[in-house]
Amino acid sequence: MSVIAPKFKLSGFIQSLLDNIFWILLLFVLIGLPAVFIILIVMPMPVLDGELLTPFLALSYLANPTRILPVIHAFMTTDIFRVMAFPGFGFAALLAASVIFAERKMMAKLQLRVGPFYCGKFEGILQLMGDGLKLISKEIIIPAKADKPIFWAAPVLFVATAAAFVALIPVAPGWVVADIDLGLLAVFAVIGFFPIITILSAWSANSKYPFIGGIRALFQMVSFEIPLILSLLGVVMVTGTLNLSEITASQSNFPWIIFLPIGAIVFFITMLAELERIPFDLPEAESEIVAGWLTELSGMLYGLVQLGSYLKLYAFAALFVVLFLGGWNGPMIIPAIPEQILTEGIEMGPITLTVDGLQSLFGNTITQEMLNGTFWFVLKTAGVIFFIILPRGVFPRVRVDILLNLGWTKLIGLCFINIFIALGLLYAGVLGPGGLQ
Amino acid sequence: MSSDSNKPVEEKPETKPVVKKPEEKSVELPKFEKDISDKIVEKFGDKVEVAFVKKDRVGINVSRENVHDVAEFIRDGLNYDHVESVSGVDYPQDNEIAVVYHIGSYSDPTLARQLLVLSTRAQREENPIPGNDATRLPTLRDIFYSVEFHEREIFEMFGVYFEGHPDNRRLLLPEDWADIPPLRKDFAIKGR
Amino acid sequence: MTTELPADIQSSSSEIQTDKPSSNWLPPGLALQKVDERIMTLNVGPQHPGSGHMRLIVQIDGDYIVACDPDPGYVHRGEEKMAEYRNYITNIPHLERPVIHDSCNMLYPYVLGVEELLGIEVPERAKYVRVIAAELNRCIYIMYWLAIYGIFLGHSTMFMWPTGDRELLIDLMEKMTGARVTHSHFIPGGVRNDLPANFEEVCLRQVNYFEKRIKEYAAVFYDNPILISRTQNTGVLSRQDAIRLGVTGSVLRASGIDFDVRKKEPYDVYDELDIQSIVMTEGDAYARSKIPWLDMMDSCNIIRQALQKMPKSGSVRVKLKPNPKGKGLDTVYKRVESGRGSLGCYIVSDGKPEPYRLKLSVPSFRNLIALPYLLKGEKLGNMPSVYWSLNYWPVEADR
């Protein structure tokens, strides 16, 4: 814990506060307001209280805290909110960032040290921000012989693909960016892009270590994609659908991991390989090939790839939760929002505060089910992420031949066993129509 | 680190070092070690010179013509099988560079304590052109494989070219080293 | 690569054609000629996380190494040349520098050699203090080595644990000598200082805890199935080749040859102590990496014995005359068992206060010859494990 500044001066503190307020106001006027205008003009404006919401109206609402709730509600029902904020990128990036921090602290505890400690008041909680600022402020060095457009594009593509993957994950009932009937196929299609981006980045750097790393990544991802897909077939068979939301909804009584544990284990192992985590971090094996396909990346290009890989980690963990652990399903432990507050307002002594949009906001959008579903989803995802991180503390790296041997022989064999189990359960009538579910 | 090759030799030992001097026979020599030196003398006679016989150490001086044969006998006849250390010693006053092989044995347990110190001397050049002058010795790499890197080191540090060594390249010195071999006595450290 | 390799180690697919070097001053690596489109030359080092302060010029065909040319010398400091300009006492601080983690063992042969040159007999207590310091230093070195071996295999816990547990012994050495790593504790005639008060109890307690702690490494590292599958049967050095290549230390003992200088040619009081000298016969990277770990337990045992047998009081050093010099012309070659193997020191004295010539015959340099031999035909993924299992310390090899 850092000591409170010994040379603390109240005047200096107030001055810094005023400075900050000044800058916030200035930046808000110069950048924030135009940005809000741009967003409001681009966005399709909803109709509020029988009146089309114009940017001017929206801004005037901003000044009135009670009338802002309909704006928030309207915003939350738009697609752009879903893509950018809640089930989409922002939520995932927040979780991914907390994964990085949790990983560092957890590894530190495993290895009998303290980990990030000094940045931020409590347990180095601002370390990640510091790292991010460092990466942003670093110079980006491009190798002279690199294929520059592809080299620049690859990290961006990597993040974009990871974000596309995130978009397919249902977080709570109805809360999914892209609720498509062939959701699982879309997942496979998106995963198929990662090796291509990796090899593009590796090849465009025109350097030896990235090339070897890229080839290794290609090997690894391609050979593990087959068991990955096969291990999920069991779930598809017993549910009869490819829609991820429907698969989640079908697990309201029990998660599929009870019936298909082999599939879950195989999927977990292939997940580690797809994510390039220890013990399968061969494409980044630093004692053999420096940093693998990331060797020539620097500054924020590297930061983007890191962000993308942690988004990918979150998405895979979420996919595991959705397919095997029942997704948002769980006992209702979030209390319902009291009806009285929504309908009659909040009584504070003699005054009764009635807020206009509260009912529509909490009645239609942020429902009890949504909060509860999100809670269970995040809890389960955190559990899966814990088990994804754990091998890093206890395993060394495997070798390429052992890895390929594992992928092509053992895991594929286990996948077929899993499929037979699923078929057996279906034909025996345990699951499927007329069965337990 | 560089040196002035034309700088005169500052440091001269007053007398010749001991490796040339035969041991006084009055002291009672250790028996086992004496046997080893006797076997070599018996085989080669005048060609070898026993420098010293101490506890666990036997010193043999050989001329550069015979070093290969003697080493072969040491390996085949005396069960020594590896070289622990190859050291060059520069003797500017003799105009010679000694190369000392410390030969030991892993396969023969009775010889585990023993080291046979085989010393030979190469001609020394005042203005060395490493590899292209008369400072040459036959390599022992075909007899003791383990001398490979040691002889490479001697080559760069003293300029002794080992004839028959397949890989007479630099080992430790930088690639652009253009001075005289640095462990020779006439290579002076600056400021000393 | 112009080294002739024995016929039993065959390259995987294609042969490297070796041209005779046209010039004798050929820079390293140029002797490797690219003959096949399939072959890629990799410069592993000197700035590479898996190389240490050296360069390995590795040629790979797919995932297989077809040739390897080590290029040491990036940390060459001319210790031998420096020694010729300094007298026998001022040589002490810089001669331990090649391996500062093993500084007592690094000085040991030099000190023994100078004592023989000067004809000094060391007090009994000093001999025991030296043995304790040398064994503690061996453990400190091996812990550092083990940490790097862990991170070379991607096992970050095995990097952190030994680095942390090493502090126990470093604290002990600091208590004993006043310095954490560069102790300069051994001098001709004994050791610099006597042991501090109640050192024996502290040492015994720390060493017992240390031994308990390193036994826990088996669960996380040595019994790890992935580690075993990675290192077993990789880089196998047979008994005959170990003899032929003249390797030393744990590399030699992993190939089934029982050679430990402490046991075969005991110096100081090692002949009064029970030394196990662990030998394994597999000769692979796993055996080579396990022997130092077992050595540490042996060292703990030796320390306990030495603490028990040590005279409780007495002098720890013989006063030397200022500027000691040898008795005329003499040569001496002394060797000790360091953390990496047999470490020799060859001193040629001409009766002056400075050595006429000082040569360190270091185990790392002797083990380096096995590296191109072992790496040929291996997979690229085995390079770090084989390289570091040779117990190679680049700074020591360069001197």
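Predicted model: local features only at pLDDT ≥ 70, side-chain atom pairs only at ≥ 80, totals over all residues.
Biologist: In what order do the five strands of the open sheet in chain B run?

Modeller: The pairing in this sheet is mixed. Strand S1 (48-54) and strand S3 (82-91) of chain B each pair on one side only, which makes them the edge strands. Neighbouring strands are turned by 20° against each other on average, direction ignored. The order is S1-S2-S5-S4-S3.

Biologist: In S5(B), which residue is the bridge partner of B:Val58?

Modeller: Strand S2 (residues 57-62) and strand S5 (residues 115-123) of chain B pair in the parallel sense, over six bridges. In S5(B), the partner of B:Val58 is B:Leu116.

Biologist: At about what angle does helix H2 of chain B run to S5(B)?

Modeller: Two helices lie across strands of this chain. Helix H2 (residues 67-78) of chain B lies across S1, S2, strand S4 (96-104) and S5. Its angle to S5(B) is about 170°.

Biologist: Why is helix H3 of chain B described as largely enclosed by the rest of the structure?

Modeller: A residue is buried if 20 or more other C-beta atoms lie within 10 Å of its own. The buried residues of H3(B) include B:Glu148, B:Arg152 and B:Phe158. What covers them includes S3, S4 and strand S7 (161-163) of chain B, together with helix H13 (363-368) of chain C. Helix H3 (residues 148-158) of chain B is largely enclosed because its buried residues number 11 of the 11.

Biologist: Which residue just after H3(B) takes a positive phi?

Modeller: The phi in question is about 80°. The residue that takes it, just after H3(B), is B:Gly159.

Biologist: What radius of gyration does chain C have?

Modeller: Chain C holds 16 helices and eight strands, and its C-alpha trace spans about 70 × 50 × 35 Å along the principal axes. Of its 399 residues, 57% count as buried. A compact globule with 399 residues would have a radius of gyration near 21 Å, so chain C agrees with that at 22 Å.

Biologist: How many charged residues does the side of chain A that touches chain C have?

Modeller: The contact takes 25 residues from chain A and 28 residues from chain C. Helix H5 (89-110) and helix H19 (400-427) of chain A are among the helices that each supply at least two residues of the chain A side. By class, that side has 13 nonpolar and three polar residues, and the charged residues number nine.

How values were computed: Residues numbered from 1 in each chain as written. Chains lettered and ligands numbered in written order. Helix = DSSP H or I, 4+ residues; strand = E, 2+ residues; numbered from the N terminus. Rg over C-alpha atoms; globule rule 2.2 N^0.38 Å. Buried ≥ 20, exposed ≤ 12 C-beta atoms within 10 Å, placed from the backbone. Contact = placed C-beta atoms within 7 Å. Nonpolar A, V, L, I, M, F, W, Y, C, P; charged D, E, K, R; others polar. Pairing = 2+ DSSP bridges. Axes fitted to C-alpha atoms, helices over the stretch in contact; angles between N-to-C directions.
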